[in-house]
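Hi everyone, thanks for coming.

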Amino acid sequence: MFRRFLLIGGPLLIGLWFLLPAGLERNVLYAGIGALSVAANAVAARHWRSWPWALFAAGQACAVAGDLLWLYYENIAFIDPFPSPADAFYLAEYPLLTAALLVLSRRHRTADDHLARLDSTMLVAGLALPYWVLLIAPALSSGESTLGTLIALGYPLGDVLLLGGVVRLLVVSGARNTSFRLVTAAVLTLLIADVTFTFAENTTLGTMAFLASYLFWGVGALVPSAGTIGDPAPRPQTLTRRRLAALTGAVLLSPGILIVQLLAGLEPSTWAVALTSAALFVLVVTRMAGMVRRLEEQAGQLADQARRLDELARTDSLTGLPNRRTLDAQIVRDMAAARAGRHPLPVAILDLDHFKRYNDTRGHQAGDDLLAGAAMAWSLLLRDGDTLARYGGEEFVLLMPGRTGDDAARLLDRLRIATPDLQSFSAGLALWDGTEPPDELLRRADHALYAAKEHGRGRVVRAGEIAASG
């Protein structure tokens, strides 16, 4: 109900304010519109138990208090309201609103926001220079009293503070929901109103901008997304074209202002431009270093992923042993080394006996456990240079470069004893003749394996023994 009233009645009240003649009624309506926004923010703070909305409400309450005091001085006491306690309330609004924006930006923050913080610092540093040239420096030489000068300086400095808060919020990761957009519009409208009011004091345009800011804040507090305005929603911190254009513009403001001042025959703000340019240069270099560091980290992550993918492509996922693809490459390398070193190369194919029956009676998980356990137990008995690979199903291939046929057979006997769960295996053993291709060597070992199965399983048969018996 309250939200509907603000959505419909808010613009109508601003229109009514525009139609009323200058005077007490108009100023009372102005303060009333501000009070509605304060109430809406207080409702959001209580409903969502949210510190940002409480700070927004407090900041706007200070502004409304300043409006009421200004109304009193101008329409009842008939004295000049500047400088006065009203200014103290107006100036108190800026740190409260900025604190709320910083709380929201911290909630939006992710571990990857360090570049966003640099971006926001560059934008604020670049945008602060026009405030100095157009607002702060003139206030220092305005001829006001010391108190008047300090108060006059407070408004542009408050704007810079508020600008830093909203820029910080805009560049960090986070959800861009309706409430977020309305709050952003409220802050930007307030900044526009301040600048307009400073250059053309008490203009209708500037005052309507203040009223629009109140309305944006009030509606933003009452929309359903107000409860999630501070929730993080990480997005990739990429240097988009829009952000690059904004950063470029911020960096070019310094030389641009200096060029305009020289062309217009004005006294150049040499020190301000020099200091801002130096700060921006350091920030740009830091930003570039951060991007390079991030690219290096991403390259390292990609390299790690590539290594893991390559390892997965070469490894059997169940047993952790080399797979058939890796075996094919390894046997070629072992043959080349055996040929060069003139040492023997025995190859064995191992097949777990009655594995299908084991699977059917105990379950597939038990079968997987047997395969993984056998692979681990056998690997513990191998020496460096031996290669045990899973060939497929319950079959394994063992390359034993440098071993003699007898040594290889004795190793296979030890492996059979180490097989888990009192299981056994049959094995076919073949010794490379120095010339045959890998597939032929494996074919002979496989033929010997079948002979071992035919002769009762749980044994090792050598390919040479088959040929002799044949």
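Helix 9 passes helix 10 in a left-handed crossing. Before I go further, please keep in mind that this is a predicted model. Two packed helices are described by the angle between their axes and the distance between the axes. Here helix 9 covers residues 241-263 and helix 10 covers residues 270-314, the angle is about 155 degrees, and the axes lie 9 Å apart. Angles over 145 degrees count as roughly antiparallel, and therefore that is the label for helix 9 and helix 10.

Which residues of the two helices make the contact? From helix 9 we have Arg-243, Ala-250, Val-251, Ser-254 and Leu-258. Helix 10 brings in Val-273, Thr-276, Ser-277, Leu-280, Val-284 and Arg-287. Sorted by class, that contact has six nonpolar, three polar and two charged residues.

Now on to charges. Side chains of opposite charge can pair when their charged atoms come close. How many salt bridges does the model have? The count comes to 13, and I'll show you a few of them.

Let's take Lys-453 and Asp-351. Their closest N and O atoms are 3.3 Å apart, and the two form a salt bridge. This pair links distant parts of the chain, with Lys-453 in helix 15 (residues 438-454) and Asp-351 in strand 1 (residues 346-352), 102 residues apart.

Next come Asp-421 and Arg-362, a salt bridge with closest N and O atoms 2.5 Å apart. Again the pair links distant parts of the chain: Asp-421 sits in the loop between helix 14 (405-418) and strand 4 (425-431), while Arg-362 belongs to helix 12 (residues 355-362), 59 residues away. Asp-421 has 38% relative accessibility, so Asp-421 counts as partly exposed. Arg-362, at 49%, is partly exposed as well.

Glu-440 is partly exposed at 26% relative accessibility, and Arg-443 is partly exposed at 46%. There is also a network: salt bridges that share partners join Asp-119, Arg-243 and Arg-287.

Ser-37 lies in helix 2 (residues 24-48), and Gln-60 has its place in helix 3 (residues 51-76). Why does Ser-37 count as buried? Its relative accessibility is 1%, and the cut-off for buried is under 20%. Gln-60 is buried too, with a relative accessible area of 0%.

What does Ser-37 touch, not counting residues up to four places away in sequence? The list is Gln-60, Tyr-214, Trp-217 and Gly-218. With close sequence neighbours again left aside, Gln-60 is in contact with Ser-37, Val-38, Asn-41, Leu-97, Tyr-214 and Trp-217. So that you have a distance to check on screen, Gln-60 and Ser-141 are 30 Å apart, C-alpha to C-alpha, and 81 residues apart in sequence.

That's my tour. Happy to take questions!

Technical notes
Residues are numbered from 1 along each chain as its sequence is written. This is a predicted model: local features need pLDDT of at least 70, side-chain atom pairs count only at pLDDT 80 or more; totals for chains, interfaces and linings use all residues. Side-chain values use heavy atoms; hydrogens and water are left out. Helices (H or I, at least four residues) and strands (E, at least two) are DSSP runs, numbered from the N terminus. Buried means under 20% relative accessible area, exposed over 50%, partly exposed in between (1.4 Å probe, protein chains only). Contact means heavy atoms within 4.5 Å. Axes are lines fitted to C-alpha atoms, for helices over the stretch in contact, and angles run from 0 to 180 degrees between N-to-C directions. Angles under 35 degrees count as roughly parallel, over 145 as roughly antiparallel, 65 to 115 as roughly perpendicular and the rest as oblique. A crossing is left-handed if the near helix is turned anticlockwise from the far one by less than a right angle, and right-handed if clockwise. Ala, Val, Leu, Ile, Met, Phe, Trp, Tyr, Cys and Pro count as nonpolar, Asp, Glu, Lys and Arg as charged, and the others, Gly among them, as polar. A salt bridge is a side-chain nitrogen of Lys or Arg within 4 Å of a carboxyl oxygen of Asp or Glu.
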